[in-house]
Every structure is written in structure tokens, then in C-alpha cells.
Amino acid sequence: MVFPLRLFCAVAIAGFIFVDGGGVKIPSTLDGPFEPVTVPFDQSLRGNAVDLPDSDPRVKRRVKGFEPEQISISLSAHYHSVWISWITGESQIGYNIKPLDPKTVASVVRYGMIRQPLTHEATGYSLVYNQLYPFEGLQNYTSGIIHHVHLTGLNPNTLYYYRCGDPSRQAWSKVDSFKTMPVSGPRNYPDRIAVVGDLGLTYNTTTTISHLISNKPNLVLLVGDVTYANLYLTNGTGSDCYSCSFPQSPIHETYQPRWDYWGRFMQNLVSKVPIMVVEGNHEIEEQARGQTFAAYSSRFAFPSEESGSSSTFYYSFDAGGIHFVMLGAYIAYNKSENQYKWLERDLANVDRSKTPWLVATWHPPWYSSYKAHYREAECMRVAMEELLYSYGVDIVFNGHVHAYERSNRVYNYTLDPCGPVYITVGDGGNREKMAVEHADDPGHCPEPSTTPDEYMGGFCATNFTSGPAAGKFCWDQQPEYSALRESSFGHGILEVKNETWALWTWYRNQDSYGKVGDQIYIVRQPNKCPVHQQRTARWFAAS
């Protein structure tokens, strides 16, 4: 059964019917698998995604001296703690930079459950990072002082007021607020979780964030590719296609001030709503001595230690009755590697009576039918899919491909009622072009040797050995695992209703506020799909 794309209203949950004014049924995964649908691409909507210039008032530095700016909140592993992060002092870019001394500015947060007085105080740590290029003519960068403070002993589902800064300098932020997550339990969930990927800082980005804020999320997931600072040379010259415009560059340069612009623009949202980020390929940002991911690992706070991880590239956390696993595609992931061993331990420790929902996130999708990045993450899929499937992961969020795609439940390229639903939301608004070509379109199947990513390991994507695509590298039509695909900018909202039903809604930027682009109830079936058991599934993938 195929349902209409603009779906506003009703479904039965535990005997109740929910109806909107349109009276149209919202489908659920129990109605699937669905016949594949491709929404025709509207050429008038493509246009150019233009970056905000440094003259835009939304990205200019507005504080004085060592007053805090670029303030953000991140969750810890559990409801009773959060991280507050901010930056003080001015960054520098040039040929003779002098890093600031983090010891000269304190990292203090005062907080409480009423605006005044703020009766609790916590201190943290600070750092600066550098982006250095050992080539003549390239400018170096050093950040402002980045502060991270861990607040602990918080009550669940509670509004807290806070300000951050250095009391010895009288350099404080204004008082702001955040709300903690509910305590883990099968009936406790954040109201709305926003999911966005490949965001960048374009005028399309501003529309995405405006629409996202209007949906009043309690939590934001950013599934990689944050600022796209690596589409610029160190002199600030940018391009939609770095390799096309700057083929003679001795190293892939970046313009690090774009990170500062992004932090200032996003502060209005992420100083109030926690944001959880996982790395994408645009965060690699190689520099001197082969160092990578310096900005990503320095600017955000991660609950790595709290979740038993030794890395900023992979970690986990709870948000009410949901356990989120954030995985790194650009760090080793095979069974002998630390990430895989950590993931085994983390999944084994999940108590599904307390966190019934298990959601996984990483940047490049395993199940995408677009030509761009087609089967690029196949080695990661081969290494990790069975483990995630055996523990009953319910939903997977990805980015990387600049389009929207939602899958049927799938495991190893085969429709499987116990497989996850894979959702790609790499359409947040970045300045690179929208993905519009599909691998199953005539003449658009990539040459297999061109698909691996050098940062993601070896070559694992071979021809399918059985099933509808047997003997081929691509399908001849939209794959049966692909339920819906559309090339449009937007964001998604996840609303978990109870321990078995969750509503997923995708909002397109070109639509009016509140208008739905795609909507479906994702339904868990724990009795049909017991976790941590080796399941037998039909499969036809090359292995």
C-alpha cells in the first residue's frame, strides 16, 4: 500500500485514533514495506546555496574583551548532567599568530532553578587549538579560548537558568536557560528531537534553522558536516567545489573563521537547546603533521568519558527512554578496533526496559540510492551492520548525501521487518549542490572503483550476487529498500510517543511553516524482534 506524501493526521495507537483536520491516515511501518516513491525534482528550487558573508551581522563578533560568545549546551551520558561550552577572546588568522593562554581566563558557570540568585557554581577546563599549514603563502589560525564546564547533580526534566564566564574579569554572559532530559524510562521522552545534517552556513541554512526553531525541539542531532570551512582557502576565498577551483593547493586548506561565524549564528538556538554532533568528512581538516579534526574535537563537548569511550568520534547518551549511539565513520571500525569493542560493550549495557528505543547515528549512509557517495560506506556496513541488527537498532540517521531519503526496514540489502529504518537528512542547506542523480537512473551507476573514500578504509562494494540486482553494481530501478526519496533542503523531527511508537516528520524548506513533507509512525515490535539474537534473514548482498 502506498500512502500520499503530505500526510497530516490519524493512526491507531493502543486503540486510540489521532486525527487532524484533514482526516488522512498517517502510515506506520506496520503498513510496509512500501512501494518505492521518488518525488520529482523541482528545478526552480535548486538555485545556488550562497554562504553568509563575514559582513552579515549574524556572524560578526558582538562581545567585548573576554565576554563569552558562541555558547552551546551538550548532553552528558545521562539526564543528571550537561556540558556548557563557550569561547572568550579573539581568534587570529595570519602569518604571525600568537595563541592565547587558556590559563588567563577562568571557566565558571553559575546556575540554578530560579533566574536570581544563581546559587550553584561549577568550574571546568579550557583550551585553544591551532590550524597550521607548513606551506609558503598559507595563513595559520589560532582559536579563542574554548571553555567546557560539566554540570552534575541536576534534576530530570527541569528548567535551569545559567550564565557563564570569568567572575574575576566581570566577563559574564547574560542569563539563559536550558531544560534537562527526562529520567530514563519506558514512558519518559523528550517531546521533540530535531535531526539535521550537512548544515553549513548559507541562506538555505538560515531557513532550515528558522523552521527548526519553530518546531520547538528539546534536543538537536547534527549528523556531521558542520561549517564547510574546508570549502575555503586560508585567505578566505571560497568555492562550491574545492577540488575543481583549487587543484594546485598543496594541502586541502580551510578558513577557520567560518567556525566562529557558525558558532555565533547558532548560539540563539544551541545556548538553550542541547546539540549533539557527530563528525563528517568536512570536519577532517588536515593540517601540519597530519593532524585532523582539530576544530571538531576542540569546539564541542562530548560525553565520551561518561559513556566509556576514549574518543570524540564515538560516544553514547540517553534522552529519556531513548539510547543514542553516535558512531565514527572516519576512524577505524573493524572488529579488532577500539570503536567496535566499545560499541559491543555499550550495546550490551543497554537496558531496554529503561531505554526501549535504540537509535544510531553516523555521517555517511549505508542505504542510499543516490549517485553521490553511492555505497561509499560499504566497508563500515560490512563491519558493523550485523552487530547493530543483533541488538535491535530501531532507527539510523545519516547525512552526507545532500538529499532526503527514508528506507523500508532493511538488513543486508533485504527487506526485513526487524531491520532498522534508515533516514538520510544530508539536506540542511550547505553550499555544495543538491544531490539529484540516482544510481539507478540510466547511465548514472558509478564505476565501482570510484566509490571508496580514502578516509574510510578499503574497497568492499562489489556486485550483488543474488536478488533483483544480481550481477550488477546498481539497481535498474529505485531499490525496494528505498521507500521515499526527494532532493530538497529541510530537517526532521522525531517524537517518541511510547515504548513502541514514534512519529517521524520531515519538513521541507520550500514549504510554509508547519507543512509536512513526509510523515510516518515507526513502530517497534519487541515481541517479534527480540534483541541480541542471531537472526536469519534473506539476503543477496555481496559479502
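Modeller: What follows goes through the disulfides one by one, then turns to the sheet and the cores.

This is a predicted model. The count comes to 4 disulfides. With bonded cysteines counted along the chain, the pattern is 1-2, 3-6, 4-8, 5-7.

Start with Cys 241 and Cys 244. A disulfide joins them, S to S 2.1 Å. The angle about the S-S bond is 60°, and the link is right-handed. Cys 241 is partly exposed, at 28% relative accessibility. Cys 244 is exposed, at 57%.

Next come Cys 418 and Cys 529. Their sulfur atoms are joined at 2.0 Å. The torsion about this S-S bond is about -80°, so the disulfide is left-handed. Cys 418 sits in the loop between strand E25 (414-415) and strand E26 (421-425), while Cys 529 sits in the segment after strand E30 (518-523), so the bond ties together parts 111 residues apart in sequence. Both ends fall under the 20% cut-off for buried. Cys 418 has a relative accessible area of 13%, and Cys 529 has 11%.

Then take Cys 445 and Cys 474. Their sulfur atoms are 2.0 Å apart. This link is right-handed, with 80° about the S-S bond. Both cysteines lie in the loop between E26 and strand E27 (482-486), 29 residues apart. Cys 445 is partly exposed at 36%. Cys 474 is buried at 5%.

Now the sheet. E26 and E27 both belong to an open sheet of 8 strands, in the order E3-E27-E23-E26-E22-E21-E20-E19, with mixed pairing. Strand E3 (37-38) and strand E19 (315-319) stand at the edges with a single partner strand each, so one side of each has no neighbour in the sheet. Helix H5 (residues 338-348) packs on the sheet and touches E19, strand E20 (322-326) and E21. The direction of H5 makes about 180° with that of E20. Strand E21 (residues 357-361) pairs with strand E22 (residues 395-398) in the parallel sense, over 3 bridges. Within that pairing, Ala 360 stands opposite Val 396 of E22.

Last, the cores. The largest nonpolar core has 132 residues. Leu 151, Leu 219, Leu 221, Phe 397 and Trp 504 touch the most other members. Helix H3 (residues 257-270) gives the most to this core, with 7 residues. Beyond its close sequence neighbours, Leu 151 contacts residues including Val 82, Ile 84, Tyr 111 and Phe 178. A second, separate core of 5 residues includes Trp 501, Leu 503, Tyr 521 and Val 523.

Key:
Residues are numbered from 1 along each chain as its sequence is written. This is a predicted model: local features need pLDDT of at least 70, side-chain atom pairs count only at pLDDT 80 or more; totals for chains, interfaces and linings use all residues. Side-chain values use heavy atoms; hydrogens and water are left out. Two strands pair if DSSP finds at least two bridges between them. Helices (H or I, at least four residues) and strands (E, at least two) are DSSP runs, numbered from the N terminus. Contact means heavy atoms within 4.5 Å. Axes are lines fitted to C-alpha atoms, for helices over the stretch in contact, and angles run from 0 to 180 degrees between N-to-C directions. A nonpolar core is a set of buried Ala, Val, Leu, Ile, Met, Phe, Trp, Tyr and Cys residues joined through side-chain atoms within 4.5 Å. Buried means under 20% relative accessible area, exposed over 50%, partly exposed in between (1.4 Å probe, protein chains only). A disulfide is a pair of cysteine sulfur atoms within 2.5 Å. Lists of a residue's contacts leave out its neighbours within four places in sequence.
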